[in-house]
Amino acid sequence: MGMAAAESQFHVLAVDDSLFDRKLIERLLQKSSCQVTTVESGYKALEFLGLRQGIESNDPTALSPSPQEVEVNLIITDYCMPGMTGYDLLKRVKESSAFKNIPVVIMSSENVPARISRCLEEGAEEFFLKPVRLADLNKLKPHMMKTKLKNQKFEAIENPSNDENGTAAAGEPEIKDSVEMGIKILPIQSEPEPKQVLLHVVQQEEQTPSNNKRKSMEEGLSTDRPRPRLEGIATAV
Amino acid sequence: MDSLVAQLQMQYRNYVLSLYQQGFLDDQFTELKSLQDDGSPDFVSEVLSLFFDDCVKLVGNMARALDQTGTVDFSQVGASVHQLKGSSSSVGAKRVKGLCINFKELCEAKNYEGCVRCLQQVDIEYKTLKAKLQDMFNLEKQIVQAGGIVPQVDIK
């Protein structure tokens with residue numbers, strides 16, 4: 001699979017140890033008008049992203065990606081994989097300052113509520129039960145759109161202090177983060193940017209996340225409406 | 001010519017419907033068909049090929065794991081069953097999937113005879129499905145060769 005230039009299409013990195021499943025997810029994503037790169041393991045995924053053994057892009061000897069060439073708008077990964085599980089990969093991505101903003105989606109053939117909530121707590125955007133369907137992937141567009149918009153518009157605003165908020169998964173940093181994001185976003189009022197609305201919605205949602213998550217657990221479905229999420233906010237369950 | 005195409009198309013429709021009605025296929029198979037288009041005209045047959053390769057491999061693993069003179073490692077059998085359950089579910093192979101669900105329980109119960117019987121059933125079932133799908137693809141080919149278009153079969 002070649003590297004996709006960051007054009008108007010979304011680029012998805014799909015991770016699954018099964019050739020069969022890779023073929024399937026690739027077709028589903030292509031049908032959703034996405035560019036797809038498939039890899040067979042979490043290690044290969046990290047390699048593709050340019051994160052090898054925790055070495056990040058400021059290491060000159062590492063395979064550092066240039067943002068224009070390897071823009072990944074979403075990572076979709078199987079949960080059960082030998083070596084590095086989808087959960088491990090999720091953690092690695094969310095712990096990386098360079099890539100923590102990439103939305104991650106987990107797929108699994110098993111409906112295990114504890115597994116689902118663990119992944120969502122760690123920052124996964126959605127949890128899909130296999131077999132994944134086209135309708136499931138349609139839910140991903142809002143998440144990928146956010147990354148693209150973010151990359152295009154917020155690069156100047158991103159500041160290093162975001163990192164500490166981003167990696168905090170424990171405790172309750174949500175409200176604090178929301179406020180900080182609010183401060184960052186206000187200067188952009190002139191643009192018809194939905195971020196302020198999203199901020200409000202996020203705060204509302206944070207108060208009732210359990211309903212959505214419970215539904216996910218019970219029905220094995222990802223939540224109905226696209227859950228707009230700003231980076232650095234972990235959803236408590 | 002026209003009546004041949006029409007005849008073949010009707011035969012095809014009935015055949016596909018029967019596969020659903022008899023429980024060989026479920027709506028996941030319909031979903032797979034919907035993913036096939038001009039850009040990927042052989043998607044379904046490619047995916048099925050991979051699935052049947054998987055069947056051969058996994059059934060072989062299960063047979064080997066069950067063919068022990070000493071203690072059988074049921075978790076090993078279970079791991080292969082789990083994989084087969086996943087791929088059969090993803091392909092819409094309803095009967096195979098159903099058998100895998102039973103098989104999984106038998107592994108967990110460490111029911112040796114049950115597992116051996118179930119494995120035999122799985123073997124028969126995937127081979128039967130393979131033959132039926134081959135017939136279906138042959139009908140498709142005949143329709144195209146006769147100058148017709150393969151109809152979309154509405155499963156209701």
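Colleague: How much area is buried between chain A and chain B?

Modeller: Happy to walk you through it: this is a predicted model in which local features need pLDDT of at least 70, side-chain atom pairs count only at pLDDT 80 or more, and totals for chains, interfaces and linings use all residues. Residues are numbered from 1 along each chain as its sequence is written, chains are lettered from A and ligands numbered from 1 in the order in which they are written, and side-chain values use heavy atoms, leaving out hydrogens and water. Buried area is the accessible area (1.4 Å probe) that two parts lose on being put together, summed over both. Carbon and sulfur atoms give 60% of the area buried between chain A and chain B, which is about 1600 Å².

Colleague: How many residues does chain B bring to the contact?

Modeller: Contact here means heavy atoms within 4.5 Å. Chain A supplies 13 residues, and chain B supplies 21 residues.

Colleague: Which residue of chain A meets Asp37(B) in a salt bridge?

Modeller: A salt bridge needs a side-chain nitrogen of Lys or Arg within 4 Å of a carboxyl oxygen of Asp or Glu. Between chain A and chain B the count is five salt bridges. In one of them, at 2.9 Å from N to O, the partner of Asp37(B) is Lys31(A).

Colleague: Which helix gives the largest share of the side of chain A that touches chain B?

Modeller: The interface also has seven residue pairs in polar contact, both residues at pLDDT 80 or more. Such a contact is a pair of N or O atoms within 3.5 Å; within protein, one must be able to donate a hydrogen and the other to accept it, and residues adjacent in sequence count only if both atoms are side-chain atoms. With eight residues, the largest share of the side of chain A that touches chain B comes from residues 19-31, helix α1.

Colleague: And how many residues on that side of chain A are charged?

Modeller: Asp, Glu, Lys and Arg count as charged; Ala, Val, Leu, Ile, Met, Phe, Trp, Tyr, Cys and Pro as nonpolar; and the others, Gly among them, as polar. The side of chain A that touches chain B has six nonpolar residues, one polar and, as charged residues, six.

Colleague: Turning to chain A itself, is Ser108(A) buried or exposed?

Modeller: Ser108(A) lies in strand β4 (residues 104-108) of chain A; helices (H or I, at least four residues) and strands (E, at least two) are DSSP runs, numbered from the N terminus. Buried means under 20% relative accessible area, exposed over 50% and partly exposed in between (1.4 Å probe, protein chains only). Because its relative accessible area is 2%, Ser108(A) is buried.

Colleague: Is Lys110(B) buried or exposed?

Modeller: Lys110(B) sits in the loop between α5 (94-108) and α6 (112-145) of chain B. Although Lys110(B) is not a glycine, it has a positive phi of about 55 degrees. With a relative accessible area of 58%, Lys110(B) is exposed.
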